[in-house]
Amino acid sequence: MSWQVGLYVAAVFLPLVAFTVQILGIKFLGRLNAYIATGAIAGSFLLSLVGFLAYFGSAEGVFDHHARGGGEAHASAEGEHGGEHASPTKPHKAEPLLWTASVDWVTLGQGLKDVRHPEGLAIPVGVAIDSLAAIMFLMVTFIATLIHIYSMGYMHDDPRYPRFFAYLSLFCFSMLGLVASSSVFMIFMFWELVGVCSYFLIGFWYEDKKNCDAANKAFITNRIGDVGMLMGLGLLWSAFGTFDIHELNSTLRDRAGKLNVVTASKDAQAYDVVRLLDPETDTPLVDDSGRPSQIPYWVLTIAGLGIFAGCAGKSAQFPLHVWLPDAMAGPTPVSALIHAATMVAAGVYLVGRFFPLFTEPALLYIAYTGGITLFVAATIAVVQSDYKKVLAYSTVSQLGFMMLGLGVGGWAAGLFHLITHAFFKALLFLGAGSVYHSVHTYEMPVLGGLFPKMKWTALTMLAATMAISGVPLFSGFYSKDAILASSIHFVFHEGNYQHILLFVLPAVGAAITAFYMFRMWFLVFAGESRSQQAGHGHDTHSHGHDDHGHDHGDPVAHAHESGPMMLWPLFALAVPAIAIGWPMFILPFFGEPILEMMLAYGAPIPLADLGSAHNWAMLASLIIATSGIGLAVLYYLPGYKRFEAAKVAHRFAGINSFLQHKWYFDELYWAVLVRPTLALARGVSRFDKSIVDGVVNTVAGLTVVLSKFEGFFDRFAVDGLVNLTAKIIYVLGDWGRGIQTGKVRNYLMVLACTVLLLFSVVFAWVGRGT
Amino acid sequence: MSDDLLLSLLWSVPMAGSLLVLLIPKQFPGVIKWFSLVVTILLFGLTLVAFTKFLSESPSGDVPAASSLRDRAAANTLTGPVGDAVTVGETGKAVGDLVVRHPWIPYFNIQYYLGLDGISLSLVLLSGLVCMLSCLASFSIEKNVKGYFSLYLLLTSSMMGVFLALDMFLFYVFFEVMLLPMYFLIAIWGGENREYAAIKFLLYTLFGSVFILVAILILFFWPGDSVGSFGGAATWTAHSFDSIAVAQAVSETGYYGRFIQQVVFLLFLTGFLVKLPSFPFHTWLPDAHVQAPTPISMILAGVLLKIGGYGLVRFAWPMAPAGAYDFSYYVAALGVFSILYGALAAMAQTDFKKLVAYSSVSHMGYVTLGMAVMVIAGESDPRYYAYGVNGAMFMMIAHGITSTGMFFLVGVIYDRAHTRDLNKLGGLWNVMPIYGAVSFLIFFGSMGLPGLCGFVAEVFVILAAFNYNPTLAVLAAAAVILTAGYVLWTLQRVFLGRSEEHKGLPDLTTREIIISIPLVVLTILLGVYPSVLLDWMNPSIIEGVVRPVTTARALTAAGKAALTPIKTTAIAPQTAR
């Protein structure tokens with residue numbers, strides 16, 4: 001284990017140690033928990049900062065090589081894929097720097113396979129740090145540290161303040177473990193752990209049934225995805241006996257990034273199989289008996305889709321996206337950390353990490369899932385009146401963008417967007433929390449005019465809003481541009497015109513995004529307060545925030561800027577939200593963003609040269625952002641308003657109500673999945689009671705009846721037979737008594753007759769013999 | 001302590017305790033309780049001694065854990081003519097190898113024959129622990145204390161005997177002895193419908209045990225399909241209750257043909273599925289659990305169900321691998337069906353205890369499935385099957401811990417709120433925070449959350465199932481949704497929300513916390529570091545189950561070629577060996 005791996009292991013375990021201390025000492029430590037948790041995650045942040053610098057300090061050729069150039073790369077690789085393998089004849093993919101180490105968690109079945117393979121089948125646990133992991137680590141710990149600090153302010157009055165920080169620590173451990181994992185099996189384990197942390201934090205105010213329901217829904221929806229993931233794991237493991245991501249990544253594809261598909265046949269039926277390749281020589285791997293390691297193409301596709309199902313669950317992709325908006329029932333810092341910046345991005349992260357696994361049909365499926373998700377969520381976000389819900393749907397939508405980017409082959413683009421989105425979305429949520437902390441309502445219709453009262457919150461949120469809308473010079477612009485470029489490349493340059501939707505959906509979706517994000521900002525911060533005229537009631541969350549002495553009739557009137565504990569994290573996040581996407585030379589902002597180059601360095605397959613697609617994407621981005629923001633101004637910015645949103649809503653009442661009901665997904669699932677399952681459960685229970693148990697009881701009852709009948713039979717038949725025999729003997733005896741007269745001549749008479757009879761019989765028999 | 005004495009003490013200490021309890025005057029219930037507790041603590045100590053002996057070097061220089069039970073049994077041979085003749089005397093007894101063998105009823109070749117390997121030792125340890133904890137949980141018993149603890153210790157003794165016995169007749173004796181104390185414990189100290197539940201339990205289990213007896217007798221009396229060489233020396237002539245020798249004969253010779261293996265397998269399977277329990281023989285379980293007092297429920301779920309699984313691992317598969325292979329698809333399907341069926345039935349329950357009982361049915365389905373996913377060496381990689389069997393065994397241990405905990409926790413709340421109706425509970429986490437935290441952990445452990453013990457078992461079985469039949473595996477995997485559904489829904493109905501009605505209920509007492517701690521620690525330890533158990537259980541599973549089963553002569557190509565059909569030819573052909 002190199003020191004770098006040790007560093008990351010320490011960074012993963014620091015929050016776990018903190019969690020253990022906090023949960024065991026919760027009675028004694030009390031509010032100290034906050035400091036323990038924050039200290040631990042800050043420590044992890046420092047460690048991952050060191051790791052990040054060390055990684056990109058020792059990785060060579062990060063900046064002179066980039067995907068668009070398609071040039072030769074030099075890399076020094078440590079760990080299992082060590083060494084250079086220059087092949088003079090064809091261009092090859094150099095192995096990027098990888099820090100890895102693993103130990104066997106479980107080894108079973110020693111000596112069973114054959115004599116040459118006495119070793120058992122192991123499930124290792126290990127750490128693998130590539131460029132993506134190093135960047136993710138830094139991002140997660142940075143945002144998590146800020147959110148810990150923010151929570152000290154936000155959760156200050158909560159009675160379960162210590163428990164909250166314990167949960168946060170456990171979450172940080174699980175999330176960092178997930179990022180650092182070297183095998184997909186381990187990812188699955190951490191996957192569920194982050195899920196359970198999310199469950200506890202969504203249901204943190206569990207006194208409300210609504211919150212518990214949301215927590216259950218999140219967990220169970222994720223488990224549906226996990227079944228798919230288990231399927232993928234099982235199929236891969238049966239075929240290859242390993243879960244190691246980098247091992248599979250390097251053996252599944254050749255150096256040009258192609259799967260090694262061969263046609264095999266069985267029972268006269270031809271089918272495609274994918275054969276594993278030796279990463280050193282690009283020749284098929286064979287086992288000792290000379291059989292190639294292979295998996296049928298369709299099975300690999302199914303396995304990929306299975307893994308993706310898990311990702312779709314975690315990253316809230318259609319059709320498993322329904323849990324994320326409900327997850328906003330949790331405290332807002334949780335929404336920022338878990339349900340916007342980090343955990344929900346885990347699905348995208350895994351797709352990126354395990355990218356070579358996905359066959360072409362699987363990638364296409366991923367792209368379309370992303371496209372549909374981003375569009376559906378964006379349309380729903382437009383009609384939300386709750387600003388946290390707007391952010392929730394925008395998260396779903398942005399995750400769709402990332403998936404689409406990955407699906408069309410824009411590996412670096414999708415992950416680039418993951419990182420930029422994490423920063424600006426965390427900022428948006430924390431800003432929203434700051435607003436809520438001040439006005440105690442999420443309802444936009446009663447807000448407005450907060451800008452003068454909460455300048456800093458408003459400004460930082462504006463920066464994030466511009467980033468997400470794709471305003472040039474803000475981070476989101478660069479990453480969204482990269483995704484659009486990838487999809488233009490896929491659709492137009494590679495000639496996949498039938499998949500034109502993969503360009504149209506993100507383009508339209510991005511415009512809608514710009515529209516609803518600015519709508520939100522205008523409705524909350526711009527103009528005058530609407531609460532007097534509207535006189536709305538607002539939901540009062542009963543979690544200890546109510547003792548601020550506010551007049552609840554007018555939330556805006558007493559609004560005030562949040563304290564420094566909550567403001568400083570906003571500032572700290574605003575910087576990367578703006579600048580994280582910048583290229584090396586900012587001004588003619590055409591260069592390749594630094595972050596994207598860092599990511600592309602570790603790409604598991606060679607990335608395509610996008611060429612002119614970037615210029616078209618740039619143009620499209622500008623048009624999209626302008627139109628979206630322009631419409632928002634025309635509809636919602638007081639002073640510049642030209643249209644009335646309410647009128648449009650009225651005219652398209654049908655669509656409006658369709659969107660208000662979130663495309664009726666919840667109702668559909670309730671009718672098609674939940675209710676039938678519950679009915680089936682009741683049916684099974686009834687079946688168990690009446691039929692299965694009924695049979696048992698009937699058999700028992702019949703036995704009792706039978707034994708009663710048998711008792712009757714015994715008494716009358718069996719016993720009767722015995723008595724009958726006795727009676728017959730008695731009668732016979734009685735009758736025999738009559739013979740015994742006691743007179744000698746009678747006896748002599750009988751004797752004479754008998755002798756006569758005997759003699760005649762004997763002579764008849766003997767005479768026949770002669 | 002010699003291992004003869006140690007193994008005998010493991011069942012005779014509680015037996016003696018059971019008799020001694022009768023000598024204590026019933027005016028001193030406290031004395032009876034404490035005496036019983038001391039006995040069970042002593043017993044648990046003895047199981048730990050056995051455990052350390054298993055892992056450490058014996059005077060003869062071997063580590064029991066490192067050599068298979070078969071080798072150790074072979075070192076304890078009885079001399080004299082084998083077969084139906086009288087056997088006497090013994091030589092070559094290895095000391096400290098955790099096998100004991102003496103003639104018992106020589107006329108029928110019945111031996112007093114005990115032994116421990118990883119499979120039985122894990123369950124012996126579990127039983128020792130669960131019996132100790134339930135004894136502590138029994139302190140709240142007020143009715144006829146003397147009778148209760150006497151029967152309780154008798155039950156403990158017979159359970160230990162079941163896991164220790166290597167002679168099938170002895171096994172059967174312990175198996176039957178176990179039923180009587182259990183019957184009375186449910187019938188006297190149970191709930192309102194206790195007599196029905198007790199008689200149902202008794203008759204159902206007796207019904208199952210008939211199948212087991214018939215199977216054992218068939219193995220004993222079978223005249224043989226062909227003459228096979230056995231161990232290269234003596235010829236196998238049946239007429240033995242020695243489970244190790246019979247299993248070896250079955251897998252290595254052609255003495256027991258395919259047909260008779262099918263019959264034996266089905267008999268064993270039926271008998272042990274009743275005990276496990278699996279659909280469709282499971283309905284005694286919810287009744288017994290609901291009516292039994294809390295500590296007896298803990299024993300029932302924690303140990304008694306494991307006897308069914310143990311029988312599958314120790315008898316059904318090794319004694320009839322060909323039969324097991326021929327029916328494996330149906331058995332696997334039955335396992336999957338049981339998983340889904342139990343989970344669905346659990347979801348519909350409103351009685352807390354009944355819900356936990358049905359969850360047991362669901363979890364025991366994984367045991368069936370894990371055993372059933374067998375393959376033949378040479379056709380597929382048997383290492384995957386090793387994951388299946390290890391998963392099944394792990395499930396028994398994990399379920400032994402979590403279900404003991406769950407029944408205990410249900411008992412805790414029943415003692416306080418006097419109801420088990422899920423719709424009447426609620427908001428308990430705020431009222432009883434420690435109780436809530438322990439419950440969440442144990443229930444999540446049962447649900448199969450990674451990092452807790454249930455996960456390891458479930459995921460091993462499911463992964464092994466993918467190598468066997470992906471369709472069944474996906475169905476089994478889908479059950480995790482249902483499991484999450486009923487567990488979360490239950491937790492919500494019991495612990496979350498707000499409650500005025502239950503305000504002021506006391507949190508866990510010290511005694512209850514002491515009971516929870518080992519369960520909580522083991523739930524986490526086995527989940528985080530399963531090797532702590534698998535490292536010493538896996539070799540026994542490989543040598544005792546996986547290897548003999550996957551390489552059984554009746555199944556492998558080489559074996560089949562050597563074993564021409566027997567009864568059709570006048571002279572039984574010699575096997576190739």
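**Entry 1: the two chains**

I looked up how the chains meet: 61 residues of chain A are in contact (heavy atoms within 4.5 Å) with 65 residues of chain B. Between them, chain A and chain B bury about 5,400 Å², and 69% of that is on carbon and sulfur atoms. I noted that buried area is the accessible area (1.4 Å probe) that two parts lose on being put together, summed over both. W105(A), L108(A) and L112(A) supply 13% of the area that chain A buries against chain B, more than any other three residues.

I also noted that this is a predicted model, in which local features need pLDDT of at least 70, side-chain atom pairs count only at pLDDT 80 or more, and totals for chains, interfaces and linings use all residues. Residues are numbered from 1 along each chain as its sequence is written, chains are lettered from A and ligands numbered from 1 in the order in which they are written, and side-chain values use heavy atoms, with hydrogens and water left out.

**Entry 2: a helix pair in chain B**

How do α1(B) and α5(B) pack? I found α1 (residues 3-23) and α5 (residues 145-164) of chain B at an angle of about 165°, with their axes 8 Å apart. Helices here are DSSP runs (H or I, at least four residues), numbered from the N terminus. Axes are lines fitted to C-alpha atoms over the stretch in contact, and angles run from 0 to 180 degrees between N-to-C directions. The two helices are therefore roughly antiparallel (over 145 degrees). From α1(B) the contact includes L7(B), W11(B) and V21(B), and from α5(B) it includes F149(B), L153(B) and M160(B). The residues of this contact divide into 12 nonpolar, 6 polar and 1 charged. Nonpolar covers Ala, Val, Leu, Ile, Met, Phe, Trp, Tyr, Cys and Pro; charged covers Asp, Glu, Lys and Arg; the others, Gly among them, are polar.

**Entry 3: cis peptide bonds**

I looked at the loop between α9 (258-275) and α10 (284-291) of chain B, where P277(B) lies. A cis peptide bond joins L276(B) and P277(B), with omega about -10°. P280(B) has its place in the loop between α9 and α10 of chain B, and a cis peptide bond joins F279(B) to P280(B), with omega about 0°.

**Entry 4: positive phi**

Is H440(A) buried or exposed? H440(A) counts as buried (under 20% relative accessible area), at 4%. H440(A) is not a glycine, yet has a positive phi of about 60°.

Notes: Buried means under 20% relative accessible area, exposed over 50%, partly exposed in between (1.4 Å probe, protein chains only). Angles under 35 degrees count as roughly parallel, over 145 as roughly antiparallel, 65 to 115 as roughly perpendicular and the rest as oblique.
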